[in-house]
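Here is a short briefing on selected local features of one protein model. Have the sequence and the 3D view open as you read.

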Amino acid sequence: MIKPDTIIRSDRKTLSVCIDPLGRVTVRAPKRCSEERIFAFLQEKEGWIEKHKRKTAGACMRLPSENLDGFTFLLLGKDCRVSLVEKRNISFDAESYTLYLPQNNARERLVRWLKDNAKRILSAVTAQKAREMGVSYASVRITSAKTRWGSCSANNAVRYTFRLLYAPKEVIEYVVVHELSHTVQKDHSKAFWAVVARFVPDWKERRKWLKDNAVLMEIF
């Protein structure tokens, strides 16, 4: 029997089910819908649910445990290994792709390191792509957003989640071009995608990487 991890009741009239990147099952149901009806609905969708849960198998293995020593995460699309040390400062060995992280407040310091580097790298890429595209933007900010990789406000302030640093450079460039394209087209119309395609012809492939690796949004 399929058991949901979460049941959300609202004024909706129909039942729906979704699987998140970690394989968690969420059911959305009408307020007065009985549990019997919900479980019958899940049984009807059992094949679909199992299929999508299999796709997420192993995702939890990517998430860090309490002890970060030996934890491997993606950094610019490459596996980077964390090694806890008794030093006071963080250091990164680009040759071995190892991040030497002080044991004291390791998680907090790692997130700060990621945010600082995301600010540096994404600011540089945004400036470069803006010159290539002939557009301007107000500012670049780094956030901890877990629902979107980037955004562009009405006044052309660009924001990126620091987790974008996990992605390969070509994927980062796609997100940057995507957000800068909003400085000239605020919606997702054909005109918007035409701007994106002009500078990133294979944007669909790069966007697919983000969808396939949505579990990265759960890291830290």
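Contact here means heavy atoms within 4.5 Å. This is a predicted model: local features need pLDDT of at least 70, side-chain atom pairs count only at pLDDT 80 or more, and totals for chains, interfaces and linings use all residues. Residues are numbered from 1 along each chain as its sequence is written, and side-chain values use heavy atoms, with hydrogens and water left out.

**Helix H1**
- Helices (H or I, at least four residues) and strands (E, at least two) are DSSP runs, numbered from the N terminus.
- Helix H1 spans residues 35-44, and its residues Ile-38, Phe-41 and Leu-42 are buried (under 20% relative accessible area; exposed is over 50%, partly exposed in between; 1.4 Å probe, protein chains only).
- The buried residues of H1 fall within an arc of 100° seen down the axis, so they line one face of the helix. The arc is that of the directions from the helix axis to the C-beta atoms.
- Glu-36, Gln-43 and Glu-44 are exposed on the other side of H1.
- Packing partners of the buried H1 residues are strands E1 (6-10), E2 (16-19) and E3 (25-30), plus helix H2 (46-55).

**Thr-143**
- Strand E8 (residues 139-143) contains Thr-143.
- Beyond neighbours within four places in sequence, Thr-143 contacts Arg-159, Tyr-160, Thr-161 and Phe-162.
- The Thr-143 side chain reaches the backbone nitrogen of Ala-145 at 3.2 Å.

**His-178**
- His-178 sits in helix H4 (residues 169-181).
- His-178 counts as buried because its relative accessibility is 11%.
- Setting aside residues up to four places away in sequence, His-178 touches His-188, Phe-192, Trp-193 and Val-196.

Terms used
Polar contact = N/O pair within 3.5 Å; in protein donor to acceptor, adjacent residues only side chain to side chain.
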